[in-house]
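User: I have a model open here and would like to talk it through with you. Could you start with how the chains are arranged and then go on to the details?

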2 protein chains.
Amino acid sequence: MRWAVVLAGGVGSRFWPLSTAARPKQFLPLAGADPLILDAVRRVLPLVDAERVLIVTSQRLADAARAALPMIPPGNVLAEPFAASTAPALAWATTHAARHDPHAAVLSLHADWTVGDPASFRAAAVAALDLAEQQDALVTVGAVPDRPEAGYGYVVPGEALGAGHRIAHFVEKPSLDTAQTLIRQGALWNTGLFAWTAKRFRVEVAAHTPELADAMPHFDAGRVEAAFRAAKPVSIDVGLFERTQRGAVIGASFQWDDVGSWAALRRVRAADPAGNVTAGDAHAVASTGCVVWSDDGPTVVFGMTDTVVVRARGITLVTTADKAPDLKKLLDQLPASLTGERGA
Amino acid sequence: MRWAVVLAGGVGSRFWPLSTAARPKQFLPLAGADPLILDAVRRVLPLVDAERVLIVTSQRLADAARAALPMIPPGNVLAEPFAASTAPALAWATTHAARHDPHAAVLSLHADWTVGDPASFRAAAVAALDLAEQQDALVTVGAVPDRPEAGYGYVVPGEALGAGHRIAHFVEKPSLDTAQTLIRQGALWNTGLFAWTAKRFRVEVAAHTPELADAMPHFDAGRVEAAFRAAKPVSIDVGLFERTQRGAVIGASFQWDDVGSWAALRRVRAADPAGNVTAGDAHAVASTGCVVWSDDGPTVVFGMTDTVVVRARGITLVTTADKAPDLKKLLDQLPASLTGERGA
């Protein structure tokens, strides 16, 4: 049977002042009316029964995840004792699936993405799972880039493997110039939409991921806290995909966005003819390329270009689209009374 | 005796959303902790007893003026039956002063200015009153420009007259290029700080201001409403100063500003080292030349240049310093629910 694992433990400050440690990005309705995490689960439910959808999140966020996802059995929300990057989280979830079903195949995705076309997303997910099962491979879905993007990870395809390719190598967060070169050479965005069989995953982890060597027996025995204490934090990309010989990539053309900042809402939400995205009681007049998010009162921008204005939780933020990804630098300079609930 | 007349009937939308029709600019604490009108009255009280300070305003604003100015006798607040520009207002106030004191000299000023150095302002006011009395002239105080300013009126001095000069001519709101030329030629800003004797004012009005011909007998008889109905609206500049042969100008170097927009607060209030002016719970980080006014909650600007951000009466406005004088254009495009109390 096929399972889906939704990684939902993220914290962050890029959507301050709307986001808080108790309500990070994946719980915000950034793409539409519902939280991103609900969008993410709905996106996979046509493929995987709710009983086989697992949510991995922090203890702090577990109740919020259960509340946001009433269709998911509460026991399917796995609360990490502490954050240890993605490899321990996925080892836990994959072990959980294998215990119920030794022939499980796992699709892994993040709770805080937006996807333009859910049907194309599902087609890519099915192709990735098929490739993982047919070729006994660890598969990542590569999105066809529509722009050079320095902030993303790239995957370079190698020789053909079934419907996909082996992975030649990864390039993490290249310069813009390098990104352009990579794209010309056929590199894809490493989405983090992964597929593997539980059996192959465990074999490859045993062979290549010493960071999990002491943890796996604890996961097998259901001793989650001991497993996390025994694990060394490492991402699944570094701890497994960059090391295994059984990595594969399959290209896909659905619109995928990790919504890295307020400015990214211009790609994710419908814009007016001047390219402004507004949400709430927001008014953009004689302005272009602005993001105006106003939760608690009217906000009017007049004559602005590429500006981000957010009014949320009683706080107003005004910054540029260029500066929006750097909010952490801002928050480091503000009094704690403003930023206490900022997230990491 | 010397009297002061403070013109306080203005309405306007340049300080939206803080300003409303019921609380226009002169009632806002734009320069410091107190409303501009209170600053204006305090500025003249060392020269003129409160019993001889007259406030001319609208009926709608009369009670607000009395409340803002507890030191002024309530009967000294003259409420116009309707707005008719400055000539009828000043004719009324001058007649009022002359009835108490046939030898009255009148100093006329506006309630919504800011002045950098009140002592220099008073020195200029005394010099203007002296010149008015000694030369039997209608005097305007000309401020030495510290920048070309297209929005102001300019007065060009002619031949010497006592401590001042006769007025050669006026230039209203020149282009920036013309303003630069005028300044090189010695032109001054026509502040609207005026001085005259009641006797000379009445003689010159009789000779040059037909718009007031039918009104003056009513003013003399104390029939204010009839006087306003009989008057044709005209400014004192057009209706008298541009026509009389007895106009004079006296230069002064006090810092004078009519605070024409939110952006003008950068000249009027103390700025941080990067040139940002903040008021209320406002924070400017990595920003330059911004005005951030936050009345009802924290406002943070990050990486902005020459931007105006105002949070007042539950509304947030974001615009550029260049656009700030054009708020009327904005308000014409907003729903009435936002702008109902905007002012004219």
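This is a predicted model: local features need pLDDT of at least 70, side-chain atom pairs count only at pLDDT 80 or more; totals for chains, interfaces and linings use all residues.

**How the two copies are arranged**

Analyst: Chain B can be laid on chain A with an RMSD of 0.1 Å, using a turn of 180 degrees and a shift of 0.1 Å along the axis.

User: OK, and how many residues does each chain put into the contact?

Analyst: Chain A gives 25 residues to the contact, and chain B likewise gives 25 residues. On the side of chain B that touches chain A, the strands β12 (277-285), β13 (291-302), β14 (307-312) and β15 (315-320) of chain B each supply at least two residues.

User: What's the make-up of that side of chain B by class?

Analyst: Sorted by class, the side of chain B that touches chain A has 13 nonpolar residues, 10 polar ones and 2 charged ones.

User: Why do you say the copies meet through the same surface?

Analyst: The copies meet through the same surface because 100% of the interface residues of chain B are also interface residues in chain A.

User: In which sense does β15 of chain A pair with β13(B)?

Analyst: Strand β15 of chain A, residues 315-320, pairs with β13(B) in the parallel sense, and the pairing runs over 4 bridges. To find one place to look at, take A:Leu317, whose bridge partner in β13(B) is B:Val300.

User: Switching to helices: at what angle do α3 and α6 of chain B cross?

Analyst: The axes of helix α3 (residues 86-100) and helix α6 (residues 198-208) of chain B come within 10 Å and cross at roughly 135 degrees. That angle makes α3(B) oblique to α6(B), and the crossing of the two is left-handed.

User: Which residues meet there?

Analyst: From α3(B) there are B:Ala91, B:Thr94, B:Ala97 and B:Ala98, and they meet B:Ala198, B:Phe201 and B:Val205 in α6(B). By class, this contact of α3(B) with α6(B) has 6 nonpolar residues and 1 polar residue, with no charged residues.

User: And what about α3 and α6 in chain A, how do their axes cross?

Analyst: In chain A, the axes of helix α3 (residues 86-100) and helix α6 (residues 198-208) come within 10 Å and cross at roughly 135 degrees. The helices α3(A) and α6(A) are therefore oblique to each other, and their crossing is left-handed. The residues that meet are A:Ala91, A:Thr94, A:Ala97 and A:Ala98 in α3(A) with A:Ala198, A:Phe201 and A:Val205 in α6(A). That contact of α3(A) with α6(A) has 6 nonpolar residues, 1 polar residue and no charged residues.

User: Now the backbone: is the peptide bond from A:Trp16 to A:Pro17 cis or trans?

Analyst: The bond from A:Trp16 to A:Pro17 is cis, with omega near 5 degrees, and A:Pro17 is found in the loop between β1 (2-7) and α1 (36-44) of chain A. In chain B, the peptide bond from B:Trp16 to B:Pro17 is cis, with omega near 5 degrees, and B:Pro17 has its place in the loop between β1 (2-7) and α1 (36-44) of chain B.

User: Last one: what is phi at A:Asp306, and where does that residue lie?

Analyst: A:Asp306 has a positive phi of about 50 degrees although it is not a glycine, and A:Asp306 lies in the loop between β13 (291-302) and β14 (307-312) of chain A. As background for both of these backbone points, most residues other than glycine have a negative phi, and most peptide bonds are trans.

Definitions and conventions:
Residues are numbered from 1 along each chain as its sequence is written. Chains are lettered from A and ligands numbered from 1 in the order in which they are written. Two residues are in contact if their C-beta atoms, placed from the backbone, lie within 7 Å. Ala, Val, Leu, Ile, Met, Phe, Trp, Tyr, Cys and Pro count as nonpolar, Asp, Glu, Lys and Arg as charged, and the others, Gly among them, as polar. Two strands pair if DSSP finds at least two bridges between them. Copies are superposed by least squares on the C-alpha atoms of residues with pLDDT of at least 70 in both. Axes are lines fitted to C-alpha atoms, for helices over the stretch in contact, and angles run from 0 to 180 degrees between N-to-C directions. Angles under 35 degrees count as roughly parallel, over 145 as roughly antiparallel, 65 to 115 as roughly perpendicular and the rest as oblique. A crossing is left-handed if the near helix is turned anticlockwise from the far one by less than a right angle, and right-handed if clockwise.
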